[in-house]
Amino acid sequence: MRKRTFSGGTHPPECKYTENKKIEVLPPPDLVTIPLHQHTGAPSEPLVKKGDPVKVGTKIGEARGFISATIHSSISGKVKEVGECIHPVTGAYAQAVIIEGDGEDAWDESVKSTDSYRDHEPQQLVEMVKEAGIVGLGGAAFPTHVKLSPPKEKPIDTCILNGAECEPYLTSDHRLMLERTKDIVEGGKLILKALGCKRGFIGIEANKPDAVSAFESIPKSENPFEVAPLEVKYPQGQEHYIIDAIVHREIPSGGLPMDIGVLVQNVGTALAIFEAIRFGRPLIQRVVTVTGSAIGEPKNVLARIGTPFSTLFEACGGLKTVPRKIIMGGPMMGIAVFTDQVPVVKGTSGIVVLDEKDAKQFVEEPCIRCARCVDACPMKLLPTTIGDFARLGMLEDAERTGIMDCKECGTCSYVCPSRRNLVHYMKSGKARIFEERRKKKSA
């Protein structure tokens, strides 16, 4: 098996305890808290008020602008409140629709399936994806209809379905590829049609040979996607690197995949597109890997959007001990949350709960100039130098040396023997640069 890859990166120890755990469908919860901002771009506007009845799939939030996404109810019941919740991504209060379930799990009348789903015109497909509120399910949560609408001067000739799943704990995409193989391919075909694109790949890390076999077992007459086995290495699933590995094209600094004629969609997103076009189902649930040393029984679960993390923990055997750290996403690029009362959102690919032994805290030591961070950086940057510029407030120097090209993968921090918080310096430096730009623009 020829394995493709990119330069740099690292390979954290695999902790994929749930790779053999079939997806377990959780019952609809009694109460959901659905944030109106679950995507890149502008928050949605609420369409409901306290006391309104809703069903599964009822639209409760309207997209505000092109880069935004509609929001739908994930259970049937009554709106308890249009208030606020602690958002799992920002940690701040955000507007949300809180719904009490009626236990009937009745679907909205607007949700209708069709056998002729392959007959839709490309623009119809894009509009249906937009109405379904689909965003990138790999974690970035970028509105999918925007990705499917490249400007005419930037045609897409290659589509890559991303099944790399390089984070060491996550297996939700792996299970989807095994359990929904044909449906993912059907979603991929719809993506190709929407883009007018003929060439497609499915990128899968080589530690998932069963997933590679599952896609290769589909006759080529039914599967236009070539399976591309990838070397097992983090951050293989990031757009820049999976494109480099498979088609050897480099996204220019500050650019997007569409600038080089490529579109990358997570395999879960392809499945969501198929379900929206074939069955009319908006994005109201997703598969979440719930795992880590503090979880009683790690699992992959299909959970409704808005379900509290604590409910998922209960469904996974509860907590074995007081958690030291709760991470939404994987440990490399995930976000630590300070409470288990935050809700599952569209970007919740996993929840990793670590005990005191696994969530070690380190004391930062001075840089010893070993250059491991330089060797590991997939963007070929100088993390320790740029990090120092950012830490010292030398933002012009940080920008001149490439801080804005940092993808915040955390590889530099992971390999650093001095335990320097390099990715933190990168993130904070970029945030201050963006703030300075905003001030200059508004002055």
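Domain bounds, as I use them today, come from an automatic or database domain assignment. Hi everyone! What we have here is a predicted model, where local features need pLDDT of at least 70, side-chain atom pairs count only at pLDDT 80 or more, and totals for chains, interfaces and linings use all residues. Residues are numbered from 1 along each chain as its sequence is written, and side-chain values use heavy atoms, leaving out hydrogens and water.

Let's start with the overall layout. The protein splits into domain 1 (122–279) and domain 2 (372–442), and their C-alpha centres sit 29 Å apart. Where they touch, 7 residues of domain 1 are in contact (heavy atoms within 4.5 Å) with 6 residues of domain 2. Together the two domains bury about 570 Å², with 55% of that on carbon and sulfur atoms. Buried area is the accessible area, taken with a 1.4 Å probe, that two parts lose on being put together, summed over both. Which residues of domain 1 lose the most area to domain 2? They are Tyr 234, His 240 and Tyr 241, together 63% of what that side buries.

Now look at two helices, which are DSSP runs of H or I with at least four residues, numbered from the N terminus. H10 covers residues 383–391 and H13 covers residues 422–442; their axes come within 8 Å and cross at roughly 50 degrees. Those axes are lines fitted to C-alpha atoms over the stretch in contact, with angles running from 0 to 180 degrees between N-to-C directions.

In H10, Ile 386 and Ala 390 are among the residues that meet H13, where the partners include Leu 422 and Met 426.
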